[in-house]
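Please look over the sequence and the model before reading on.

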Amino acid sequence: MAFILVQHLDPTHESMMVDLLTGHTSMQVRQATDGMPLEHDHLYVIPPGTYLSVVNGSLHLSQPQARHGARLPFDFLLHSVAEECGARAICVILSGTGSDGSLGLKAVKDKGGLVIAQDPDEASYDGMPRSAMLTGLVDFVLPVAGIPEALVKYNRRTNSARARNALLPPDAEHVWLPKVIDLLRTKTAHDFTLYKPGTLQPRIERRAAMAAIATDDMHRYLGLLRSDTNELNLLAKDLLINVTSFFRDPKVFDFLAVKIIPELVRSQPQDQPIRVWIAGCSTGEETYSLAMVFREQIAAAQRNIKLQVFASDVDPDAVASAREGRYPATIEADVSAARLARFFIKEGHSYLVSPELRATVVFTVQDVLADPPFSRLDLVSCRNLLIYLRPEAQARIVSLFHFALREGGILLLGSSETAGNVEGRFALISKSERLYRHIGRSRPGDLGFSKSVGDIARIRVRPGQSEIPSRQAALADLCRRLVMETYAPAAVLIDRQHQCLFSLGPTDRYLRVAQGQPTHDLLAMVRPDMRNKISARNQLKGTIVDVVKGATTSHIRIDIGGGVVVTASITNEAVDELKLTKGKPAVAVIKASDVIVGVD
């Protein structure tokens, strides 16, 4: 192994670190110079006032572009090491103030490398280790004395795996891999059947090495997975690649802000919201980046258009993190000061997404390979997901996006991805930015569901389910969803305290985000001219006097006293769930000619 030491040094003073370390190691200790080749058993120290990177096996020095207080030399190095070394990269975060390294370690994890943090309880300055741990991507938290042994053991086991894999064809699949995939499919909520073997194998071998199991003894690791639910879940989490950042690939966002989004805003009918879907949203950075650009362009065009952003990911933990919208101070490197001031709230050493921006986004757990898609979309972004999937899965997802987009809608893919055979479905807008425009109609068979695990559009089996949902059930769910999105009236489900629990239809015509602290109170969110119409005085208590069930809908008659009886229609499912029967107390909420029934 070769080691590179990065310190936060005063750029005006010479470093004595080389002299100090030389007497404590048998390795060669050298201060890095531009063009110096990396060699085994050498320790390289960053010079004061510089950034250090690794390119083509050599060290390269550059001058920091950021002001002194915002410099992140460790992040800068880690990004280059991840690109250069891939799965061989190892990141160790030691004592230090701030959060340098928290962004770069994500790049290391993205390439399948190892991340270790010093135990913050023993660190003189715990800022950097704790910030790293908050990312959820640290593999080991160890005292300094335990880190060398962990490095040696991990390096020994992964080296043997790499040597063995080098003798195999590029697309070869180990005999143990299908068994691991099947175990994950049946015992967790995740199915990796359609992922490329080259994506899965190194990460599984890496988990085995972390469990002190040699990678040429994978039957032992299979035994561990069968007996240890925690390790199985950790493996599944490792295989879900949740690496992203704000405004990743800045040129792509510049192109969107200048060429694409202004056109979408200008051409959007006033009474229709702009609908955006980020598939594979991870922890939300890409989602909020796109939402910021859209909000800026809507404001610049001075148009009062509603923005609806849907963001989905298969990883519940990542979605929970995205919903919270809290990010480390290191996002200052990717988000401009103006955007930080407008769209974020500074809280200690972190930034919280503002209520205004957060209100535009709906996050949901969804498997793009199994669950019904969103529809009538103006833009779909799915970056750096397709590259991990087999070709048949890639083609399936592209067809799904074509179905989800409206005529003229925009598809954005990752820098290493393409839409495949786009003839008759997509027109290329920009090859370098991987942008496509929807053309033509969806073809028969483009969107379908199958109950076969081997089929492309498999239905996910969750733990505890005895059988896989039928193709008819999946199609019925899709049909209901599309009909409700297109034709359902505005409806809000509330509790007795007027807290909104669920909404359906064009509620943006009646509700708005209230000023001040975020709230789900219906009376605070409703338009002022409608507030009195749905206030408490319109909630009339009474008793159910009759329930007449039809094929799908029931008619409820409620005696509210004074000889007045109101009638409401409600689905049979709701009648059964709420146990609405004759003689039961109920509340009738009256609005215009509609009556909404609730249980008292």
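F363 is buried, with a relative accessible area of 5%, where buried means under 20%, exposed over 50% and partly exposed in between, for a 1.4 Å probe and protein chains only. This is a predicted model, in which local features need pLDDT of at least 70 and side-chain atom pairs count only at pLDDT 80 or more, while totals for chains, interfaces and linings use all residues. Residues are numbered from 1 along each chain as its sequence is written, and side-chain values use heavy atoms, with hydrogens and water left out.

**Aromatic pairs**

- The structure holds 12 aromatic pairs, counted when ring centres of Phe, Tyr or Trp (its six-membered ring) lie within 6.5 Å, with planes under 30 degrees apart called stacked, over 60 edge-to-face and the rest tilted.
- In one of these pairs, the ring centres of F246 and Y327 are 4.9 Å apart and the planes stand at 80 degrees, so the pair is edge-to-face.
- Both F246 and Y327 are buried.
- Y288 and F363 also form an edge-to-face pair, with 5.6 Å from centre to centre and 65 degrees between the planes.
- Y288 is buried as well, with a relative accessible area of 0%.

**Aromatic cluster**

- One aromatic cluster is formed by F246, Y288, Y327, F344, Y351 and F363.

**Exposed leucine**

- L501 has 52% relative accessibility and therefore counts as exposed.
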